[in-house]
Amino acid sequence: MRRAIAGGLAVVVLAGGYVVADVVDLVPGVLTRDVPPPVPAPGVLPAATATAAPLGGLAHSAEEPTAAGLSAHVGAALASPALGSSVGVDVRDGLTGRSLLARDVQAPRTPASTAKLLAAAAVLAAMNPRATLTTKVVRGAAGEVVLVAGGDTMLAPGRGRPAATEGRAGLADLAAQTAARLKAAGTTSVRLRLDTRYAAGEPYAPGWNQADVSAGYTQGVFMVGLAGQRPHPFKPSPRDPPRAVALAFQKALAARGITAQLEEEAGWGEPVAAGEVLGKVESAPLVDILSLALDDSDNALTENLARQMAVHLKKPATFAAAAQAVREQVQGLGIELGSAHLVDASGLSAGQRLPVRVLGDILALATGGRLPALRSVVADLPVAGLDGTLHDRFLTGPTHEAAGLARAKTGTLTGVSALAGTVVDASGRLLSFAVVADSVPGGPAGTLPARAALDRFVAALATCGCG
């Protein structure tokens, strides 16, 4: 739902500590891509198809901007004092990958949530993008059934929605399968246990502020949860998502004539004998879940997927191992990380550093089609003035020139404002851009002016017919 930025900033100031969980990034838009609404301007990038080619639907024959012309056109926007004294900028031609503007691209900077682009590339490189996450029920000990967590934190409490990402798999469907098998065996009363061993690890990163969790800016990282319970500002998630799932499944079984006595949580991590599978449901594909995580700048969902990647690669289920896996996979894609220092996969923890050139490399990988699934995720980034974390930006004034033409991942922490994505210029040419300002003056009050300056920069790119 739409939130007033001023109200969000007020909460940030009151919360104190490491402010805060991408305050303006974590507010999802009211529009959805399930049924795409009309866009305010022509040239919006279409959803990518699974072919190794640049993003389609654009005037690839359009004249490429000159570096000198583009630099002159956007210079005033980048000179805004609202961005502070430390700004890195990387602009490239989306078709050729040629650098058009590079300012201080090698210096390490705090990336905030733009670091999620690295996590997305890593997960898609390490795992099958079309793979799904299985939640199943198996027979346990005598008279016991076990709900086995498999990484899906967006289970619908009722029936699943086949066309949705959040809520694709439904507990009512799982309960119907389970009840049918139990009744066929003459069973109408069972004990219910939840197996939470898969990718189990610490729920909160050492650098996360619990005030942020309480305020709804993030949640703990678990491997099972309910749709509709992801965190939003002023609406925190349950502190114990697995128990919420267990209770919802217990209710779903009862509706189908099965009485289930919920066992104590102390036994949820105990081994389960490989019993008969009574039912199973599948999540949306990983690539779609990643797109949703970036669209909403969902820290916990990003960390969930990065942790599953780490476990897939035989690493520990920790934030540090996930960050290391991200680093290794990105380097395996041929991207040199140099002085980068990653603490988590979402960009929320303090102490993270990343050259803006790395963000440019990730975007070039996507727009050039060398990692088709990443191209799809970049094509699904929030659209300026329309949805996701850009739903309330680029709406009025000169920045409206980029509405519908820019797609970008946002990044905001106190003293940090960033954008990284793509935009179509006045000639119909696709450009990629990454800009990180990590010495934004004015504390929390400096967030809105810096954000406005970044929007003016992107609008300048959109209006640049600088061939």
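Contact here means heavy atoms within 4.5 Å, and helices (H or I, at least four residues) and strands (E, at least two) are DSSP runs, numbered from the N terminus. This is a predicted model, in which local features need pLDDT of at least 70 and side-chain atom pairs count only at pLDDT 80 or more, while totals for chains, interfaces and linings use all residues. Residues are numbered from 1 along each chain as its sequence is written, and side-chain values use heavy atoms, with hydrogens and water left out.

Which residues of α11 are buried? They are A373, L374, R375, S376, V377, V378 and A379. Because seven of the eight residues of this helix (372-379) are buried, the rest of the structure largely encloses α11.

Now let's turn to the sheet. Five strands form an open sheet in the order β7-β6-β5-β4-β8, with mixed pairing; two strands pair if DSSP finds at least two bridges between them. At its edges are β7 (259-262) and β8 (277-282), each pairing on one side only. On average, neighbouring strands of this sheet are turned by 25° against each other, direction ignored. Axes are lines fitted to C-alpha atoms, for helices over the stretch in contact, and angles run from 0 to 180 degrees between N-to-C directions.

Follow β4 (residues 134-139) next: this strand and β8 pair in the antiparallel sense over five bridges, and K136 stands opposite K280 in β8. Helix α4 (residues 171-184) packs on the sheet, where it touches β4, β5 (144-148), β6 (189-195) and β8, and its direction makes about 165° with that of β8. Helix α6 (residues 241-254) lies across β4, β5, β6 and β7 and runs at about 160° to β7.

Terms used. Buried < 20%, exposed > 50% of the residue type's maximum accessible area, 1.4 Å probe, protein only.
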